[in-house]
Amino acid sequence: MILPSLQFAARTFSSADKRHLAKFMWNFGYKGVRSVNLFKKRLKEGIHFPPFIYISILNSCNLRCQGCWVDVDKPQIKIDLDDLNKIVNDAKSHGNSFFGILGGEPLMHPELFDFFAAHPDCFFQLFTNGQMITDKKAKQLRQLGNVTPLISIEGTEVVANERRGGKDVLNRTLRGLDNCLNNKLLTGVATSLCQTNIDDLLTEEWLRKLIDRGVHYAWYHTYRPVGPQIHDELALTPEQARTVREFVVNMRTKLPIGIIDAYYDGEGKALCPMANGISHHISPTGAVEPCPIIQFATENVKDGGIYDTLTKSAFMKDFRETAAKNTRGCIVLERPDLVKELAEKHGAKDTTLRQTAIKELEGMKARNSQWLPTGEEIPEKHPVYRWAKRYWFNDFGVYDEMERKAAEKKATD
Ligand code: SF4
């Protein structure tokens, strides 16, 4: 376990630009931890403001992925530079320093690089399909030093075309990936695991290919059957969800690559990063949403500062608490009925351009998510992941009430 970790550190230090690495360690590492500590301190005062905000800066995309919930085929809407800077400056003034930048395809936003340049004291994770990252753009990102590209790969050649509704998808993405690595950027590869790619991409062989290519970290999401065309057949079974968790825990101890997950604490207990309040989302319309796939909102960043909006939102509070009272998993997958109920109770706006979000929920059947049955949790084996999650990534006590009630019920049954 120790040797792969030392190899990972050594190859990261030797392959990444030094100034970029220093910004990562300071703006994401030190200041990121500080922002979570501030978040925990505010929680004790009953104030909910997430340390990590994810911003979908526009809806446009050059691909058409199965199960995409973004209005990629609609006329372009985007959050302009002024509003993006307002969001980040307000969040920064409350201790935040890390932001996830999504789309559509964020590289299609004309002010993206001006936005990154405006915040040298922050670190951004850029969720991209990589196809628009030319050598010139990768050089610009290196110059900025405060961006890590997280490039999504959804399958081998044939599956990638099918999953993403394009031609030569994998090769075009790999060209963007290589431009990032050649320009010494800390670079990750993300996959939304589903029936058509799990056998190819949830393998040690695939991770070793990424390591050989120079990739620094991987992120395995699990396919969410949501949006206008849900492709329910692609979703993972409970057994596969368990296999994913087991694989991630084992590979963290075996391979010199970082592996992110956002769905389990150090003890292997499932969690939802919306319900524990560690992250929330802003849509391309500026709507303040619980998370990217919950396309309802009662507030918009155009109505006021993000701190005031989030800390005062009754809708967001009720969403977190309702989710935490009902599941440690994904409320959208497990209880789409509750999502509809909450949206109607608060008179929340459908934030999609297609205006079919309620109809989509009505068409969804409840299904499994990341929540493995009690007693089947798979704890972290790697001490560093376990330690980091114990302090900075866990449920922050939001499930205590649900578990107390479950224990009481068990005692009386
Ligand atoms: S509601 Fe579901 S998709 Fe949203 S953050 Fe929670 S687990 Fe993830």
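# A guided look at the predicted model

Visitor: Why is Arg 242 called partly exposed?

Guide: Its relative accessibility is 29%. Buried means under 20% and exposed means over 50%. The value for Arg 242 lies in between, so Arg 242 counts as partly exposed. Keep in mind that this is a predicted model.

Visitor: Where is Arg 242 placed, and which residues is Arg 242 in contact with, leaving aside its neighbours within four places in sequence?

Guide: Arg 242 sits in helix α10, residues 238-254. With those neighbours left aside, Arg 242 is in contact with Leu 372, Glu 376 and Ile 378. Contact here takes heavy atoms within 4.5 Å. Another reference point is Cys 194: 48 residues separate it from Arg 242 in sequence, and their C-alpha atoms are 13 Å apart.

Visitor: How do you know how many disulfides the whole structure has?

Guide: A search of the whole structure finds zero. A disulfide needs two cysteine sulfur atoms within 2.5 Å. Take Cys 65: the closest cysteine sulfur, in Cys 61, is 6.1 Å away, so the pair is too far apart for a bond. Cys 194 is in no disulfide either, as its nearest cysteine sulfur, that of Cys 65, is 11 Å away.

Visitor: Are Cys 65 and Cys 194 buried or exposed?

Guide: Cys 65 has 24% relative accessibility, so it counts as partly exposed. Cys 194 has 0%, so it counts as buried.

Visitor: What makes Gly 100 count as buried?

Guide: Its relative accessibility is 0%. The cut-off for buried is under 20%, so Gly 100 qualifies. Gly 100 lies in strand β2. Not counting residues up to four places away in sequence, Gly 100 touches Ile 53, Tyr 54, Ile 55, Gln 125 and Phe 127. Phe 52 is 48 residues from Gly 100 in sequence, with 7.4 Å between their C-alpha atoms.

Visitor: Why does Ala 343 count as buried?

Guide: Its value is 1% relative accessibility, so Ala 343 falls under the 20% cut-off. Ala 343 belongs to helix α14, residues 336-345. Beyond its neighbours within four places in sequence, Ala 343 is in contact with Phe 296, Phe 315, Ala 348 and Ile 358. Ala 297 is 46 residues from Ala 343 in sequence and 7.8 Å from it in space, C-alpha to C-alpha.

Visitor: What makes the peptide bond that joins Gly 103 and Gly 104 a cis bond?

Guide: Its omega is about 5°. Gly 104 is placed in the loop between β2 (98-102) and α4 (112-117). Most peptide bonds are trans.

Visitor: What is the phi of Lys 184, and what is the phi of Gln 355?

Guide: Lys 184 has phi near 60°, a positive value in a residue other than glycine. Gln 355 has phi near 55°, also positive in a residue other than glycine. Most residues other than glycine have a negative phi. Lys 184 is in the loop between α7 (169-182) and β5 (188-193). At 28% relative accessibility, Lys 184 counts as partly exposed. Gln 355 is in the loop between β11 (349-350) and α15 (357-363).

Visitor: Which residues surround the ligand?

Guide: They are Arg 224, Tyr 263, Cys 272, Pro 273, Met 274, Cys 291, Ile 293, Ile 294, Cys 330 and Gln 370. This shell divides into eight nonpolar, one polar and one charged residue.

Visitor: How do you know that the protein agrees with a compact globule?

Guide: For 413 residues, such a globule would have a radius of gyration near 22 Å. The protein has 20 Å, which agrees. Along its principal axes, the C-alpha trace spans about 60 × 45 × 45 Å. The secondary structure comes to 17 helices and 11 strands.

Definitions and conventions. Residues are numbered from 1 along each chain as its sequence is written. This is a predicted model: local features need pLDDT of at least 70, side-chain atom pairs count only at pLDDT 80 or more; totals for chains, interfaces and linings use all residues. Side-chain values use heavy atoms; hydrogens and water are left out. Buried means under 20% relative accessible area, exposed over 50%, partly exposed in between (1.4 Å probe, protein chains only). A residue is near a molecule or strand if one of its heavy atoms lies within 4 Å of it. Ala, Val, Leu, Ile, Met, Phe, Trp, Tyr, Cys and Pro count as nonpolar, Asp, Glu, Lys and Arg as charged, and the others, Gly among them, as polar. Helices (H or I, at least four residues) and strands (E, at least two) are DSSP runs, numbered from the N terminus. The radius of gyration is taken over C-alpha atoms; the globule rule is 2.2 Å times the number of residues to the power 0.38.
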